[in-house]
Amino acid sequence: MALFGQTQVYSQPNQAVAGDFVSANPRNIFAPGPGGFVAGAAGVFVGRAVWTAPPTDPNGTQQILNNFGAGNILGLVYNVLQGLNTVFLSDGSLLIPQGLPVGVLSAGDMWVVNSGTTEALPGQKAYANNGTGLLSFAATGSPTQGASVTASISQQTSSFTASINGDVMTVTAIGSGTLVPGTILTGTNVTTGTAISSQLTGTSGGTGTYLLNYGQQQQVVSEIITGTYGLMTVTAIGSGTLVLGGLLGGTGVAASSYITGLGTGAGGTGTYYVSPTQAMSSSTVTQNSNIETKFVAFSAAQVGGLVKITSDINITYQSAGSVLP
C-alpha cells in the first residue's frame, strides 16, 4: 500500500503483504449487519485479529472492531488496500483509521506476520494477543502466560432504578453499590446476559447513561435492576503485567474469567473488575496474554517473517513438514 515510488530492489520479490489471501481456496467473510463493521477509536491493522465491541446494529450485531478484546476472536482483517496513510512523508500503512469499514476473514487461507518470539512451524496453532491482535505460533493448548499475581476475588452487587432503550441504559437512582464495565444485569424484563460495556454520561458508577453489550431490541420501562461483578484485589506481582481481556486462571478462578475494567490497579497491585461474578480467597492467579485461534500454520517462518495460515482442519503434515491435501 505504498503511496510513493519504489525505493529498494531485492533479488527476490516479497511473498506477500500481511492480510493477503494465500490462495483461491474457499473462504468465509463475516457478514455484518447495517452499519458494520467499522474500525474503533484506535483504528484497526490489516493482517491482525479483531474482536467486536458495542454499539449494536439493528440486527443485534456489534458494530465496532478493535485489535484488542477478550474471549475468542471474530476473525482476521484481510487486505484489500484499505489501509490509509495519514503520516506525512511515510511510504504506506496497514492501519484502517477510526470509522472506516473493515472486512473480516472468519475462515480460509491468509498471510500473517509471525510476531512471536520463536519460529513458526507447520502444524502449530496461531495465537492472537489480546492487547494487539498480533499472531504468534505454538503447540495446541499452550497460550502464553503474561502475568502471575497474588489476588483474591469478591462478589459485588448493586441495585438501581433504570430503563433500557435498545443498547443504552438510563440510570435515574442508585439504591446500593457501583456500576462498572462488565456488570451483569438482571431484572424483570432484562434480556439474560445483558452487561454494561461502558458509561456514556453522568456520575462515575452512578446515575447517567450506559452502553450495553447488546440489545437493540430491548425496551425496558423504569424498574429495579440488579448488577453483579467480581472485584479482584491484587496484593503482589510475581511476574508480568495485568491487561484487559486476557483469560485468568488458578485454583478457584471461574472458567473463562477475564478483566473487564480497571479499578485502582493499572497492571500491578490494586483492584480490577472481573467477569463472571465470583468469590475466591487469596491465591496465585495467572493471566494469559493471548488466545488460541482455529487457524494453523502451514509454512515455516522466523520471527518477523510471513506465515501461511489456514482454518482447514483437514490439512495434514508429514514429518518433514510438507503439506498434504
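Biologist: Is K125 buried or exposed?

Modeller: In this predicted model, local features need pLDDT of at least 70, side-chain atom pairs count only at pLDDT 80 or more, and totals for chains, interfaces and linings use all residues. Residues are numbered from 1 along each chain as its sequence is written, and side-chain values use heavy atoms, with hydrogens and water left out. Buried means under 20% relative accessible area, exposed over 50% and partly exposed in between, with a 1.4 Å probe and protein chains only. K125 has a relative accessible area of 16%, and therefore counts as buried.

Biologist: Which residue does K125 meet in a salt bridge?

Modeller: A salt bridge requires a side-chain nitrogen of Lys or Arg within 4 Å of a carboxyl oxygen of Asp or Glu. A search of the whole structure returns one. In it, the N to O distance is 2.8 Å, and the partner of K125 is E292.

Biologist: How many residues apart are E292 and K125?

Modeller: Strands are DSSP runs (E, at least two residues), numbered from the N terminus. E292 belongs to strand β22 (residues 290-297) and K125 to strand β10 (residues 125-129). The pair thus links distant parts of the chain, with a separation of 167 residues.

Biologist: Which strands stand at the edges of the open sheet of five strands?

Modeller: Two strands pair if DSSP finds at least two bridges between them. The order in this sheet is β9-β23-β22-β10-β11, with antiparallel pairing. One side of each edge strand is left without a neighbour in the sheet, because each has a single partner strand; the edges are β9 (109-113) and β11 (135-138).

Biologist: In β23, what is the bridge partner of D109?

Modeller: Strand β9 runs antiparallel to β23 (residues 306-310), and five bridges join them. Within β23, D109 has as its bridge partner T310.

Biologist: Is the aromatic pair of F30 and F37 stacked, tilted or edge-to-face?

Modeller: Rings of Phe, Tyr and Trp (its six-membered ring) pair if their centres lie within 6.5 Å; planes under 30 degrees apart count as stacked, over 60 as edge-to-face and the rest as tilted. The whole structure holds three aromatic pairs. For F30 and F37, the centres are 5.5 Å apart and the planes make an angle of 50°, and the pair is tilted.

Biologist: Where does the charged end of R27 sit?

Modeller: A charge sits over a ring if NZ of Lys or CZ of Arg is within 6 Å of the ring centre and within 35 degrees of the ring normal. The charged end of R27 is 3.7 Å from the ring centre, over the ring of F21.

Conventions:
Helices (H or I, at least four residues) and strands (E, at least two) are DSSP runs, numbered from the N terminus.
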